[in-house]
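The tour below goes from one selection to the next.

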Amino acid sequence: PTPPILPIPPGNMSPSLPATVSLDASDDELRAIMVEAVPDWAELVTDAKSEITVLPLTEGGGGKTTKFSLNLADAAEKIPTYKAAVLHVRTKELEFRRSRMSGAQAAWAAVGVSPPILAEGDNWSVDPFQGMQSRVTSRDEAFALGEVVAKMHSSDASWFGSFRADVLLAHPSLQKLGLGDDCQIWQCLARSQRRLKKPCGAEGEGAWPQEVVEAFCDYGPFKPVHPVMSRVVAYHGDCHHKNIIEV
């Protein structure tokens with residue numbers, strides 16, 4: 001049976017877990033973190049080195065993702081909630097992106113379109129490893145993907161408020177504009193706050209003129225007016241089948 005999706009608000013973590021995880025941490029160090037982070041594993045695992053298999057999935061681009069799978073000696077007697085989980089570790093520069101993804105993930109888990117966050121720290125998070133890579137090769141699969149996107153858009157997007165405040169604090173040129181929630185600048189932020197540093201950086205060297213910033217933030221005739229199109233929603237940003245899993 002599929003484990004229940006139980007969203008955990010960002011920032012919840014056991015006091016025994018580290019605040020940060022090094023990208024150079026050994027497999028044994030990572031196993032110890034996973035034993036504490038994943039429900040049931042601390043009670044079920046007696047020898048982490050032999051009972052937890054480590055498989056690197058991705059590395060580079062500012063972080064790495066590693067899969068951990070249980071290989072219990074008495075498998076018939078031990079039924080874990082999650083048989084496998086993944087650990088995402090990011091560099092210091094990507095903490096803003098990781099925390100933003102964490103907020104979105106918790107909101108999407110609440111509407112059933114994302115695995116829950118099992119545990120997290122300042123630069124890392126742990127999710128269940130579930131499902132397989134999605135595919136869209138038929139009309140029915142395309143409609144199914146549309147339903148997933150609709151659920152994403154129906155989730156509570158208020159989690160982004162604190163990040164919006166942080167960005168405005170860091171960029172004086174944006175503070176002067178009185179930007180609404182529907183300004184396109186927040187869409188640019190979906191990828192990385194660093195994209196704002198050149199066009200909307202702090203006052204001084206390298207900052208764009210204020211009139212350029214105003215033009216950049218102005219939809220002009222392309223600003224949506226229909227109620228559906230002008231809604232503020234949390235969206236994927238790169239929604240294709242290789243970035244989606246089926247469970």
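Select Asp-28, Arg-31 and Lys-49 together: in this predicted model the three residues are linked in a network of salt bridges. The structure holds two salt bridges, and the stops below visit each pair.

Next, keep Arg-31 and Asp-28 on display. Their side chains meet in a salt bridge, with 2.9 Å from N to O. Now colour helix H1, residues 27-37: both Arg-31 and Asp-28 lie in it, three residues apart, which is about one turn of the helix.

Is Arg-31 buried or exposed? Arg-31 counts as buried because its relative accessibility is 10%, and the cut-off for buried is under 20%. Asp-28, at 41% relative accessibility, counts as partly exposed.

The side chains of Lys-49 and Asp-28 meet in a salt bridge at 3.9 Å, N to O. Where does Lys-49 lie? Select helix H3, residues 48-51, to find Lys-49; Asp-28 is in helix H1, so this pair ties together parts that are 21 residues apart in sequence.

Finally, check the surface at Lys-49. Lys-49 has 57% relative accessibility and therefore counts as exposed, the cut-off being over 50%.

Note on methods: Residues numbered from 1 in each chain as written. Predicted model: local features only at pLDDT ≥ 70, side-chain atom pairs only at ≥ 80, totals over all residues. Heavy atoms only, no water. Salt bridge = Lys/Arg side-chain N within 4 Å of Asp/Glu carboxyl O. Helix = DSSP H or I, 4+ residues; strand = E, 2+ residues; numbered from the N terminus. Buried < 20%, exposed > 50% of the residue type's maximum accessible area, 1.4 Å probe, protein only.
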